[in-house]
Amino acid sequence: GTLHWVSAAEAIDVEVRLYDRLFENEDPDTAGDYRDGLNTDSLRVIERAKAEPGLATAEPGSRWQFERQGFFYLEPESALEGRTVFNRVVTLKDTWAKLVRQHLDLDWAEKQRQETERLEAVRSELRQHAAVPVDPLAGLSDPQREIATSLSGAHGVSVESARVLAAQKPLRDLFDAGVSAGAAPRRLANWIANELQRELEAAGVDAANAPFGGAALAELLALVDGGKLSATAAKTVLGELVREGGSPAAIVAARGLAQVSDEAALTEAVARVVGREAANAAAYRDGRTGLLGWFVGQVMKETGGRANPQLVQRLVRERLDDSVAG
């Protein structure tokens, strides 16, 4: 399967409202008093959810898909109050109609009994499958399996990335050239198997005819690892590299994408934002700690989105906590 996750150390705090159907039955009057059919889970509020730092600069009213969760709307009214609130507007899969068709003539207890039996059957099947070893390299030829095994053993490349490199020689050639240029093998393999593959497909470019080499990928990762380029901006550079080629460092310079990690400069930006947002700073002092993410977003805007988000979050927290202590 695919894991979707957010780094707690780098994430921003947001409020998330999970809206669902107001009634458990599509025809609430059949239950007599409509209030008896209310869905008690029609709204769940997560006051301190974690979100990608890039959402700190999201525009009020913009819409986003959160992986495995649904589609969300950044509420403008809350943004005016200095709060970052995402409302779910559409779930990824609507199972209500199916449930109604299957259980319309059954009472709630019977529904629960059937659901419990179904879940137990699923668990039992999963336990049986868990006992059967899965070959992660299934489908590869014997030579390709040897290559994948060698990549994992010699370079510590994950089996998923090793599989991609073993199956596609042009990508493997880029990997070999990038490692020769000094890139960390495991990190480079992950970028090639995931980010680079995605950009190549989006641009309709064959890896064998890519207008850059492995050395350019090594240069790009060195910029990220050296704190000169954020991971988000690196993806922008990678997209241009796929389309036009060239030097990642030159692209960063030409487009002004260099990450700002100068603590003194960012401290000044944080001071300016907190100083002019006195009302929200006071609200933070009164316990509305969810405003931390909003302040981070304001500082990111202040710096044109080039600030180091992890550093900004720390400096904002320190500034606001100092104001609380004071």
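Trainee: Which residue does Lys 169 form a salt bridge with?
Mentor: Asp 173; in this predicted model, the closest N and O atoms of the pair are 3.1 Å apart.

Trainee: Okay, how many salt bridges does a search of the whole structure find?
Mentor: It finds 13. Among them is Arg 187 with Asp 225, at 2.9 Å between the closest N and O atoms. That pair links distant parts of the chain, with Arg 187 in helix α7 and Asp 225 in helix α8, 38 residues apart.

Trainee: Is Asp 225 buried or exposed?
Mentor: Asp 225 counts as exposed, because its relative accessibility is 52% and the cut-off for exposed is over 50%. Arg 187, at 30%, is partly exposed.

Trainee: What covers the buried residues of α9?
Mentor: The cover includes α7 (185-203), α8 (214-225) and α10 (248-255). The buried residues include Ala 233, Val 237 and Leu 241.

Trainee: Last one: what is Arg 44 in contact with, sequence neighbours aside?
Mentor: Beyond four places in sequence, Arg 44 contacts Val 16, Arg 17 and Leu 18. Its C-alpha atom is 5.1 Å from that of Leu 18, 26 residues apart along the chain. Arg 44 itself lies in strand β2 (residues 43-51).

Methods: Residues are numbered from 1 along each chain as its sequence is written. This is a predicted model: local features need pLDDT of at least 70, side-chain atom pairs count only at pLDDT 80 or more; totals for chains, interfaces and linings use all residues. Side-chain values use heavy atoms; hydrogens and water are left out. Buried means under 20% relative accessible area, exposed over 50%, partly exposed in between (1.4 Å probe, protein chains only). Helices (H or I, at least four residues) and strands (E, at least two) are DSSP runs, numbered from the N terminus. Contact means heavy atoms within 4.5 Å. A salt bridge is a side-chain nitrogen of Lys or Arg within 4 Å of a carboxyl oxygen of Asp or Glu.
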